[in-house]
Amino acid sequence: MIITQRRIFKIFFICFLLLVWISSYAQKPTSNNIINGFIKEDANGETLNYANVYLDGTSLGDMSNENGYYVIDEIPDGEYRVKVMMMGYLIEEKTVNLSNSQTLTINFSLKEDIIEGETIVVTAEKERFENQIETSKIQISRMEIEAAPALIEADLFRTIQTLPGVVTHSDFNSALYIRGGNPSENMILLDDVRIYNPYHLGGVFSTFNTDAIKNVDISLGGFPARWGNATSSVISITNKDGNSKEFEGSGSVSLLSSKIELEGPIPNGSFLISGRRTYFDFIYNTFVGSKSDAEVPYYFYDFHGKINYHFSPNNKLTLSGFYGDDVMSTESDREEWNEQTQSIRVVGTDKTDIRFGNFSTTLKWQYIFNPKLFSEFVVAKSRFRVKMNGDYGTDESTDAQDVIEDLTVRGDLTYFHSDNHEIVFGFDYQHLDFNISMDINDTRLINYSRNANFYSTFLQDDWKLSSRLNIQTGLRMTYYDLGDNFRFDPRISARYRLMHNLNLKASFGLYHQYFYTFNPEDIDFLNYIRLIDLWFPIDERYKPIQAIHYIGGIEYMFNDDYMFSLEGYFKDYDHLLDLNEIGDAGEDDDFLRGHGRAAGVELMLRKQTGDFNGWLSYTLAFTERTIELPRASYFIGNSNVNREFQTYYPSYDRRHSFTLVANYQTSEKLKLSTRFSYASGLPETPTIGWKNSYTIGGNPNDVYGDLVPVKAAKNSQRYPDYMRWDISVMHTFQFESWSLQPYLQIINLTNHKNIFIYNYDLYQEVDASGNVLPAKREGIPMFPIVPTIGANFKF
Amino acid sequence: MKLRSRKIYTVILILIFIMGCGYDTIEEIYNPNYTPEISVFSIISTDNNQEFVIVEETIQLNEYDEYDSNTIIEDAEVFIIGDADTTQFTFYKNSQSNYNDYLSKGIYLDVNNEFLAEAGKTYQLVVNVPDGRTVTGSTTVPQIPAISQPAHWTLLQKETIRNTSIQWEDNPNTIGYSVNFLVEVIGSNEIINLLPDNYISNSPTTLSNIDDYFLINNFFPISHIATIKVIALDQNSYDYLLKSDLASYIGTDLNILEGGVGAFGSFSVDFVKVRWE
């Protein structure tokens, strides 16, 4: 039977209607009273998630979700004090009288708990400890991102790299290798839309402007059925809605860039805009370049914007957008030898323009059908493109581009069945276009174009079975039209509260991913620098990448603000793909197939409140991949081919990682921060000798050899251990209506020479007496000691 | 408090100056403890070419001398063993040959040109070197890809030559087929292939990729008789011939032989002669 797209769409639509009907049926009126509403921050109107809302003297309560929404139902008639608690805020309470199945909407605005002489760090760690079922989920606040020392300016991915389970590849690469997965296995969402290449400057910086970030949720594994099309992790970045109470602005100036952010109220809503641009090109070209021929032809910029409009308290529309580009543009004189004058003359200008960047826009409609049915519908478009144009005179031009475009339509509905039972369900439609092309002199040399449609629906059930045991079950069903494939991904997580401050957690899940990027490990440049990501759909010839996550761990909270967690994981990968570097014969042998596994133990001790806060993490990890040996003959369907596999540690298999991040507010004005990382070395493939590679004609006198390096077994050697100590000092000057925070940061304070890559000296050297000298290799280090200064301001 | 802040800044600034901003690379003696391996290469065929085997050693990193790297092993025993017959290959060196080809460096030849691989047969290569090491490899020669179209001596018109259909008999032991369109440059004995090197195709195919520049422009004379050759490759020869230059550089090489590096593969050939005008 041929399954058409229309039929698939109908099946999914019917499933979705069925779920809505079930939830409608389940919400038939009862005699219970309901309280619902939003929790917001008093100062700026931003919603607060993970706030505890409860009825004093009862066991009834709820935790606000990621939109700040809460609902408490099955409340018997009577008088109650509704209390809202969140660390860092004053307790808010209101007294209510409920009777006759009344539904009451109460919104709370929490005021910051400012105690003179003490620094308040807003945290929801305790609330999450008490309510969160999922394993491996960590939240990072903007304050933590900004406090952590980083090269030149605060960077989200650099902060995430300090968490357990996240491997840092090098100082030049902010890509996230999480629990044995490569960066393309992470789903990185900015305001609910996937970002496909979240880097600037070839991966040195992440693309997100930290000034605009409200919070970041990181699921290192075992994420629930709500998320799909990723086999490693989900990183969800939510930008601020904007201050709905008053106009305010902030910004910063660093050696790299300047940033500005403005936010304020609009009628029935708020707005936020922020932008950043580097200016190293301006400075260098103005002050240095004018005195020499050299110039810096590179800059990047990004822009975030968000507008919220409330039609009513239950009806909100949000439009957000992100645009960022890296630009490298050069011009040089085109010279020609003039025979008549016997001199070089300029005959024109050669121009090269390279741009790569992301564009995304999201329209989100948040609607509360009734107090127990909360919904969000999203239409989002995301695009990553690389564009390269070259104009080199008459009839000489290049035009190349790589584009991935994503149109997503998604609906998430949460049905609050009771205080102990919550059902989340929804649908997800994704249309992806992949285009790679290259024209030279108007002749098309590469033309790759595919599109893919994904239809998903999911059902997720959070059930508190007893005061100690919570279980979250879920099922995600996906159909994608390249290969007519259905996939069913079951997920389950459980939390058992052994003591009031000790949780046991476990989760299991099946995950599939339908598109992928390839950064060949053996090509050092592509492996270590993430200049661009070339995304490909996994088409009819291959199966989608599959990972099974098994996770178990404990969480222990003590002194109300120290959290200790210990987690172990095992990931079983199948249908992995890698680039076939020998496959130059045609389309059929592009990729190698294989499987893999990853396992590890992670420890984390975290303190989020008080003058002294930070975290300490240690990870022991093993990652192994078994992939076909590169061969030209591995085209699909060739049953005669003898397939061989090799097992190796991928280039991001770091065995031990230790990180300390500490922030100390010595006074109201002075803040010290430090970050120390020590990690065992990453694998590499050393060059060990020379051999001939033969080119042949038909006869013995037609055979030639070219010496090429002999490489040892893949990734059989490791670089030396990595160590880096960074510090940061920040001083606040408070003026009447504005504040200024100059800062000094020093990266790699001990100037430790961490090896980035080895350059093998392949040629024979002799001394003055003609004796052959031993072979040498040259280690190219990462960042040396780098002091940087900058300043933040707020008005 | 201000004094305390100043102290902290001062200490940090002093630290910066002490550490400096050196950004030197780290050079170190590197001894990978690599024992050179035997490198062997031979591709046998049903074509009537003289078969050969290259036997040499790989070298240590610091042994590479662009002008004087003698890697050839001259005193090995080299055999190709068929079902019932064994052919010994003899070391041969012709210093008058072209610089840097293997005839000038030394190569093992079937001196009497008696060996001719038979389609469908399995052959084993055995190389024994005096220090006791042995390299072995095996290949099964693909069946002859009998060409059914075009027929011998078909007359092709250069204006429509790209539409010429080539068809041959598929056989199950072949990994891939390479197609050649060979013409002789008159007066030089040089044979040139007007199809791309390693042009891999399945039957039927056309001459759509032919470089008809030589046919259309009469810059130098080429024979009006051409040979269309279809070469059926076994997996070893297919993988070796088609590996990219990039793969050689990055060291992603083939492990085809036991006890050494290199390749032992085979191919079979069928051809037709055609005329063109």
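Tutor: Asn215(A) has a relative accessible area of 9%, so it counts as buried, the cut-off being under 20%. The model is a predicted one. Asn215(A) belongs to strand β16 of chain A, which covers residues 213-219.

Now take another buried position. Ile75(A) has 0% relative accessibility and counts as buried. Ile75(A) is placed in strand β4 of chain A, residues 69-75. With residues up to four places away in sequence not counted, the contacts of Ile75(A) include Asn32(A), Asn33(A), Ile34(A) and Ile35(A). Leu55(A), Leu60(A), Tyr80(A) and Leu98(A) are also among them. Met604(A) is 529 residues from Ile75(A) in sequence. In space, the two are 39 Å apart, C-alpha to C-alpha.

Next, the rings. Over all chains, a search of the whole structure finds 51 aromatic pairs. One of them joins Tyr542(A) and Phe591(A). Their ring centres are 5.6 Å apart and their planes stand at 70 degrees, so this pair is edge-to-face; the cut-off for that class is over 60 degrees. The pair links distant parts of the chain, 49 residues apart. Tyr542(A) sits in the loop between β32 (535-537) and β33 (545-558) of chain A. Phe591(A) is in strand β35 of chain A, residues 591-607. Both residues, Tyr542(A) and Phe591(A), are buried.

Rings also gather in a group. One aromatic cluster is formed by Tyr196(A), Phe434(A), Phe454(A), Tyr480(A), Tyr514(A), Phe515(A) and Trp535(A).

Charges meet rings too. Arg606(A) lies over the face of Trp615(A), 5.4 Å from the ring centre. In chain B, Lys105(B) places its charged end over the ring of Tyr102(B), at 4.3 Å from the centre.

Finally, the surface. Phe247(A), Ile260(A), Phe733(A), Phe735(A), Trp738(A) and Phe795(A) form a nonpolar patch there. Together they have about 570 Å² of accessible area. Take Phe733(A) from that patch. Phe733(A) lies in strand β45 of chain A, residues 733-734. Its relative accessibility is 38%, so Phe733(A) counts as partly exposed. Asn215(A), by contrast, is buried at 9%.

Note on methods
Residues are numbered from 1 along each chain as its sequence is written. Chains are lettered from A and ligands numbered from 1 in the order in which they are written. This is a predicted model: local features need pLDDT of at least 70, side-chain atom pairs count only at pLDDT 80 or more; totals for chains, interfaces and linings use all residues. Side-chain values use heavy atoms; hydrogens and water are left out. Rings of Phe, Tyr and Trp (its six-membered ring) pair if their centres lie within 6.5 Å; planes under 30 degrees apart count as stacked, over 60 as edge-to-face and the rest as tilted. Helices (H or I, at least four residues) and strands (E, at least two) are DSSP runs, numbered from the N terminus. Buried means under 20% relative accessible area, exposed over 50%, partly exposed in between (1.4 Å probe, protein chains only). A charge sits over a ring if NZ of Lys or CZ of Arg is within 6 Å of the ring centre and within 35 degrees of the ring normal. Patches are made of residues with over 30% relative accessible area and no salt bridge: like charges are joined within 9 Å, nonpolar side chains (Val, Leu, Ile, Met, Phe, Trp, Tyr) within 5 Å. Accessible areas come from the Shrake-Rupley method with a 1.4 Å probe; for residues, only the protein chains shown count as cover. A salt bridge is a side-chain nitrogen of Lys or Arg within 4 Å of a carboxyl oxygen of Asp or Glu. Contact means heavy atoms within 4.5 Å.
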